Amino acid sequence: MLKKAVFGALAALTIACPAVAGDAEINYPKGSLGYTQLTTGDNEGAIRAIKSDTNVRHDDPAQMLNLGLAYERTGDYANARHLYGTVLTQTRSTKLVLSNGAVVDSHDLAENGLNRVNAQMAMR
């Protein structure tokens, strides 16, 4: 099953690419994934937007991955690790569409995020 959710930069160069068809959050309520905030570098705003959203289940992998990315960018590695790890424990992975049009598995994105966070924590 392909779940279309175009969201911010969990893969290299994703953030530099425009959103597909002018809609940054396909099949999601506008603003629920913090896409605009993530692409403009407003990570605190992305955290607020995602956490305050009541239209999407908070165990949704796209939302958790974007929230993890925002936490990672603000240096809150504990929360980022928790969210990436939670996505990895989900029985079923989800196919997600990045802002550059690439289709990526949610588990792969979470594993990449977790590896980045672990590397950052090791450099401390």
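**How do α3 and α5 pack?**

At what angle do helix α3 and helix α5 pack, and how far apart are their axes? Helix α3 (residues 61-74) and helix α5 (residues 106-122) pack at an angle of about 15°, with their axes 11 Å apart. Axes here are lines fitted to C-alpha atoms, for helices over the stretch in contact, and angles run from 0 to 180 degrees between N-to-C directions. The two helices are therefore roughly parallel to each other; angles under 35 degrees count as roughly parallel, over 145 as roughly antiparallel, 65 to 115 as roughly perpendicular and the rest as oblique.

The crossing of α3 and α5 is left-handed, a term used if the near helix is turned anticlockwise from the far one by less than a right angle, with clockwise giving right-handed. On the α3 side, Pro-61, Leu-65, Leu-69 and Glu-72 take part, and they meet Ser-106, Leu-109, Ala-110, Gly-113, Arg-116 and Val-117 in α5. Contact means heavy atoms within 4.5 Å. By class, the residues of the contact of α3 with α5 are six nonpolar, two polar and two charged. Ala, Val, Leu, Ile, Met, Phe, Trp, Tyr, Cys and Pro count as nonpolar, Asp, Glu, Lys and Arg as charged, and the others, Gly among them, as polar.

**The model and its elements**

This is a predicted model, in which local features need pLDDT of at least 70 and side-chain atom pairs count only at pLDDT 80 or more, while totals for chains, interfaces and linings use all residues. Residues are numbered from 1 along each chain as its sequence is written, and side-chain values use heavy atoms, with hydrogens and water left out.

The protein chain has five helices and two strands, in the order α-α-α-α-β-β-α from the N terminus on. Helices (H or I, at least four residues) and strands (E, at least two) are DSSP runs, numbered from the N terminus. Of the 124 residues in the protein chain, 47% are buried. Buried means under 20% relative accessible area, exposed over 50%, and partly exposed in between (1.4 Å probe, protein chains only). Among contacts between residues at least 6 apart in sequence, 55% join residues at least 24 apart.

**α3 with its other partners**

Let us turn to α4. Helices α3 and α4 pack at an angle of about 155°, with their axes 8 Å apart, and are therefore roughly antiparallel to each other. The crossing of α3 and α4 is left-handed. Residues in the contact include Met-64, Leu-65, Gly-68 and Tyr-71 of α3, and Tyr-77, Ala-80, Leu-83 and Tyr-84 of α4. This contact of α3 with α4 has 11 nonpolar, three polar and one charged residues.

Next comes α2. Helices α2 and α3 pack at an angle of about 150°, with their axes 9 Å apart, which makes α2 roughly antiparallel to α3. Here too the crossing is left-handed. Among the residues in contact are Asn-43, Ile-47, Ile-50 and Lys-51 of α2 and Gln-63, Leu-67, Ala-70 and Tyr-71 of α3. The contact of α2 with α3 divides into six nonpolar, four polar and three charged residues.

**The nonpolar core**

The largest nonpolar core has 26 residues, of which Leu-65, Leu-67, Tyr-71, Tyr-84 and Leu-109 touch the most other members. Such a core is a set of buried Ala, Val, Leu, Ile, Met, Phe, Trp, Tyr and Cys residues joined through side-chain atoms within 4.5 Å. Two or more residues come from each of α2 (43-52), α3, α4 and α5, and α3 gives the most, with seven residues.

Leaving aside its neighbours within four places in sequence, Tyr-71 is in contact with Ile-47, Lys-51, Asp-76, Asn-79, Ala-80 and Leu-83.

Ser-99 sits in the loop between β1 (95-97) and β2 (103-105) and, at 1% relative accessibility, counts as buried. Its C-alpha is 9.0 Å from that of Glu-25, although Ser-99 and Glu-25 are 74 residues apart in sequence. By contrast, His-82 of helix α4 (residues 77-89) counts as exposed at 54% relative accessibility.

Met-121 in helix α5 counts as partly exposed, at 31% relative accessibility. Not counting residues up to four places away in sequence, Met-121 touches Tyr-77 and Arg-81.
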